[in-house]
Amino acid sequence: MYCIGSGAGFSGDRTDAALPVVAEIAASGKSGAIIFETLGERTLALGQLAKRRNPVLGFEPLLEEIVSPILADCVAAGIVIVGNFGSANPSGAASVIHDLGKQQGLHNLKIAVVEGDDILGKIDLAQAERWDGDGRMGEPTGELIAINVYLGAQAIAKAISDGAQVVVTGRVADSALALGPLVAHFNWDWQDLDLMAAGTLVGHLLECGSQISGGFFADPGFKNVPEPENIGFPIAEVEDDGSFIITKPVNTGGVVDLRTVKEQLLYEIHDPGAYLTPDVTLDITEVYLQEVAENRVLVRGARGHTPSLQLKATVSYLSDWRGEAEISYAGPNALARADLAIDIIERRIRRRGIKAAIRADIMGLSSVFDSDDGALRQNELLRSDLLSDLRVRFAFVSTAEKEVRRAIQEVTALYCCGPAGGGGIRSSLSQRVHTHSYLIPRESAPDSYRFWQPSL
Amino acid sequence: MTETCTVPLHHLAHARAGDKGNRLNVSVIAYDDALWPVILTEVTEKRVAEALAHRHPSKVTRYVLPKVQALNFVIDDVLEGGVNASLGLDTHGKGLAFRVLELSVQVPAQLLSKTRMSVKLKIKEG
């Protein structure tokens with residue numbers, strides 16, 4: 001049996017989640033690994049920008065806070081740490097981890113850096129295919145700042161087989177973080193597609209951290225989660241035949257059962273018979289789940305088909321500016337005043353010739369579900385004079401920062417010029433990174449690893 | 001004559017949304033095996049498309065996973081540009097799982113009372 005735990009499901013996750021997971025795996029006496037997934041679609045592009053400003057940066061900003069608490073315990077127990085927290089600068093991240101190790105009396109840490117995902121300048125996008133899921137997104141605009149390919153698990157597995165105690169990656173397929181250690185431990189054959197599918201499924205279920213153990217799940221009265229402030233992050237106990245049990249550490253909150261596993265099973269899946277990853281095309285249509293004990297779910301039945309000849313790449317552009325500005329209206333006639341504020345701003349934008357796209361929401365009436373044209377907000381069936389605590393939200397977008405600032409200014413001016421009783425104006429402005437997905441030939445992006453050395 | 005009630009899908013199933021590019025997927029998972037046939041009949045591509053019609057999706061595809069009593073809806077071009085390009089509040093569309101759970105569904109009253117969710121529900125006259 002091999003234990004794989006999750007310590008983070010995204011950049012911004014709880015940084016105390018890994019401790020109970022490491023403690024549980026260490027106590028089991030079994031071999032194991034802990035994975036950290038902290039690289040969303042655009043997180044890496046932000047890392048690229050950070051590296052441009054300062055070449056020693058570009059990795060996950062909370063790297064130290066995530067790794068420091070568990071580094072010594074993992075090394076002592078032989079638990080391999082695998083994380084994509086390298087982001088745009090895996091080498092930089094390795095350096096930080098090396099220093100952390102020294103501070104904790106861990107010398108000669110074997111830290112592997114996986115490379116090959118960063119192909120900016122190495123590929124002609126005109127020869128690549130747009131991924132169809134982008135649909136109507138339109139042609140990219142702005143400065144091209146990053147191209148990163150989703151690599152598979154092979155370099156990770158090799159690094160661990162060669163003795164790596166920590167593996168730092170940039171962009172890899174999320175499930176590769178788990179498949180790599182599994183192949184290294186069980187010596188599975190890369191051509192055994194059903195085993196590749198099993199390992200990939202382990203990764204898919206673990207990659208969002210607590211989303212399978214009670215996170216993003218509670219719906220009071222319908223789905224209750226014990227101790228949501230102390231959710232135990234998941235652990236997969238994997239057998240040589242590819243079957244595995246999903247569980248969580250003892251003495252933690254959260255829950256693992258058929259419901260939580262099913263929600264994560266289908267998360268971000270499109271055709272369940274063909275989930276494409278670099279190492280296998282995963283088919284989950286025959287997956288069998290069984291609750292074998294409290295907070296223990298057995299998973300079997302993943303099937304694998306030939307992987308695609310193409311790899312997916314995320315292409316990032318430093319693009320337009322988005323401003324958001326909000327103002328609240330409460331008490332009698334709040335809805336009418338909120339409507340009026342929207343009308344006023346739309347007229348001001350036109351009157352002043354401000355060149356920005358605008359969207360308005362009335363939070364408390366319709367915001368999350370609505371469309372840019374406010375179809376639900378204007379739907380008579382949803383509107384009521386009884387709504388008495390409303391927040392108008394404006395979003396402005398333009399390629400010119402100045403135009404967005406001018407638009408935000410108009411909202412601020414509502415303090416004196418707008419409807420009565422408006423309060424709590426807040427605004428923010430940021431430049432956006434747009435990401436587009438492309439499919440590229442596999443041969444364009446070979447992966448590799450090297451052991452990090454201080455002088456490099 | 002079988003008495004039926006109209007309840008939100010939220011009383012019969014749970015759901016989770018995921019986004020990639022301008023594409024959303026929403027899983028719909030039966031709380032109880034006994035509710036699966038009703039969900040299969042009632043929660044169609046057409047009904048999900050209607051719930052999101054104001055966002056003008058280009059396509060809605062339903063995949064059926066009987067072994068886990070779940071449906072998976074793939075909805076294209078419903079995120080108004082996706083997580084980085086949308087002007088909306090919830091640019092990932094994470095909240096849209098609950099838009100789907102708002103769908104009104106017809107359920108035989110006896111079935112509803114037999115399922116485990118019945119203790120949490122008030123049966124309304126159809």
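Salt bridges and an interface, explained

The structure holds 30 salt bridges over all chains, and the model is a predicted one.

Me: Why is the pair D134(A) and R130(A) called a salt bridge?
Reply: The closest N and O atoms of D134(A) and R130(A) are 3.5 Å apart. The cut-off is 4 Å between a side-chain nitrogen of Lys or Arg and a carboxyl oxygen of Asp or Glu, so this pair qualifies.

Me: How do you know whether D134(A) is buried or exposed?
Reply: D134(A) has a relative accessible area of 2%. Buried means under 20%, so D134(A) is buried.

Me: What parts does the pair R359(A) and D372(A) tie together?
Reply: Their side chains meet at 2.7 Å, N to O. R359(A) lies in strand β16 of chain A and D372(A) in the loop between β16 and β17, so the pair ties together parts that are 13 residues apart in sequence.

Me: What makes R99(B) count as buried?
Reply: R99(B) has 17% relative accessibility, and the limit for buried is under 20%, so R99(B) falls in that class. R99(B) forms a salt bridge with E102(B), and E102(B) counts as partly exposed at 44%.

Me: Which salt bridge joins E286(A) to chain B, and why does it count?
Reply: The side chains of E286(A) and K67(B) meet at 3.0 Å, N to O. That is within 4 Å, so it counts. Across the interface of chain A and chain B, the rule finds 4 salt bridges.

Definitions and conventions:
Residues numbered from 1 in each chain as written. Chains lettered and ligands numbered in written order. Predicted model: local features only at pLDDT ≥ 70, side-chain atom pairs only at ≥ 80, totals over all residues. Heavy atoms only, no water. Buried < 20%, exposed > 50% of the residue type's maximum accessible area, 1.4 Å probe, protein only. Helix = DSSP H or I, 4+ residues; strand = E, 2+ residues; numbered from the N terminus.
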